[in-house]
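Please study the sequence and the 3D structure shown here before reading the questions.

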Amino acid sequence: MGIFKKANNKLEGAVEGAFGRAFKSSVQPVELAHKLAKEMGDHKTVGVSNVYVPNEFDVYLGKDDYDHLASFEDSLKQELSNYVTAFARREGWTLVAPPSIELHKDDDLRVGEFGIATRTVSAPVEAPDSPFDAPPASVVPPAAAAAPGGMLDQTVLYQEPAAAAAPAAAPRRSSARGVLRGRQGDYQLSEPITVIGRSRRCDIVLTDANVSRQHAEIRRQGDGFMLVDLGSTNGTRVNRRDVKQVVLQHGDRIELGTTELLFERQP
């Protein structure tokens, strides 16, 4: 029995069980990013003045998926860490220390299956150079303080079907500039990830009842921009064609609900 199956049995009743369905394609980085964000939301702890979410993640992969993703592991972990940090900031959640993401191989998992174990672990108080200020012991969530070693550990296995998606490249500094033009104004695409939707927490807020709360996002990839639909209710279209994700070209017309945005690259 593999390490993940042991963990899953140990936590039976504490977390949701396996969904029992297998992927038809390999694990993609964009899917890992979305599931890490989901796990933070599923395992948040509400404090007196903050909402705490896990900051350490162990991702378990089958042999083939692990061998593929490990070939660019450092870049992938940095990108996933950036995504988790940006998502927590957008939701108003508190990370008690910088995110840590590790990949592990589990031979019991098949292609497309993966597991995520989450923990909430405080940074050492003695570490003054940490980019995160360690909170006083009194504000650590009670559930975390009661767990062995000051951790709150949760593990979930993902076996859901997922459409094949191109691996998301690690974000890097680029001179590329992009802008979305619409009736509500122009929006500069200056961040690594720009979320578009109806929610006031989105980077670009659209006052359109046909737009989902978090409808789509635009990711900077090297010198380009990729549009990714976030499972919206009414879908996303580019140049009158339904898309799940697509690399944007100058002059592309993006439709979200009844809102149309024009994408332009700037010199």
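The questions below move from the whole protein to single strands and side chains.

This is a predicted model, in which local features need pLDDT of at least 70, side-chain atom pairs count only at pLDDT 80 or more, and totals for chains, interfaces and linings use all residues. Residues are numbered from 1 along each chain as its sequence is written, and side-chain values use heavy atoms, with hydrogens and water left out.

Q: How many helices and strands does the protein have?
A: Helices (H or I, at least four residues) and strands (E, at least two) are DSSP runs, numbered from the N terminus. Counted in this way, the protein has five helices and 17 strands.

Q: What percentage of the residues in the protein is buried?
A: A residue is buried under 20% relative accessible area, exposed over 50%, and partly exposed in between (1.4 Å probe, protein chains only). Of the 267 residues in the protein, the buried ones make up 49%.

Q: Which residues of strand E11 point the other way from Ala216, Ile218 and Arg220?
A: Strand E11 covers residues 216-221, and six of its six residues are buried. In a regular strand the side chains alternate between the two faces of the sheet. Opposite to Ala216, Ile218 and Arg220 point Glu217, Arg219 and Gln221.

Q: Which residue of E11 is the bridge partner of isoleucine 196?
A: Two strands pair if DSSP finds at least two bridges between them. Strand E9 (residues 193-197) and E11 meet this rule with four bridges, in the antiparallel sense. The partner of isoleucine 196 in E11 is alanine 216.

Q: Which residue in the turn between E11 and E12 has a positive phi?
A: Strand E12 (residues 224-229) runs antiparallel to E11, and six bridges join the two. Within this pairing, arginine 220 stands opposite phenylalanine 225 in E12. The two strands form a hairpin with two residues between them, and the positive phi, about 60°, belongs to glycine 222.

Q: Which are the edge strands of the open sheet of six strands?
A: The order in this sheet is E8-E7-E17-E16-E13-E14, with antiparallel pairing. An edge strand here pairs on one side only, as do strand E8 (185-188) and strand E14 (241-243).

Q: Which residue of E17 is the bridge partner of leucine 256?
A: Strand E16 (residues 253-256) and strand E17 (residues 259-266) are joined by four bridges in the antiparallel sense. Leucine 256 has as its partner in E17 threonine 259.

Q: Which backbone nitrogen does the side chain of aspartate 65 reach?
A: Aspartate 65 lies in helix H3 (residues 63-70) and counts as buried because its relative accessible area is 4%. Beyond its neighbours within four places in sequence, aspartate 65 has contacts (heavy atoms within 4.5 Å) with residues including Ser26, Arg110 and Glu113. At 2.7 Å, its side chain reaches the backbone nitrogen of glycine 112.

Q: Are tyrosine 83 and phenylalanine 87 stacked or edge-to-face?
A: Rings of Phe, Tyr and Trp (its six-membered ring) pair if their centres lie within 6.5 Å; planes under 30 degrees apart count as stacked, over 60 as edge-to-face and the rest as tilted. Tyrosine 83 and phenylalanine 87 both lie in helix H4 (residues 73-91), four residues apart, about one turn of the helix. Because their ring centres are 6.2 Å apart and their planes stand at 20°, the pair is stacked.

Q: Which residues form one aromatic cluster?
A: A search of the whole structure finds three aromatic pairs. Tyrosine 83 is buried at a relative accessible area of 4%, and phenylalanine 87 is buried at 11%. The cluster is formed by Tyr83, Phe87 and Trp93.

Technical notes. Polar contact = N/O pair within 3.5 Å; in protein donor to acceptor, adjacent residues only side chain to side chain.
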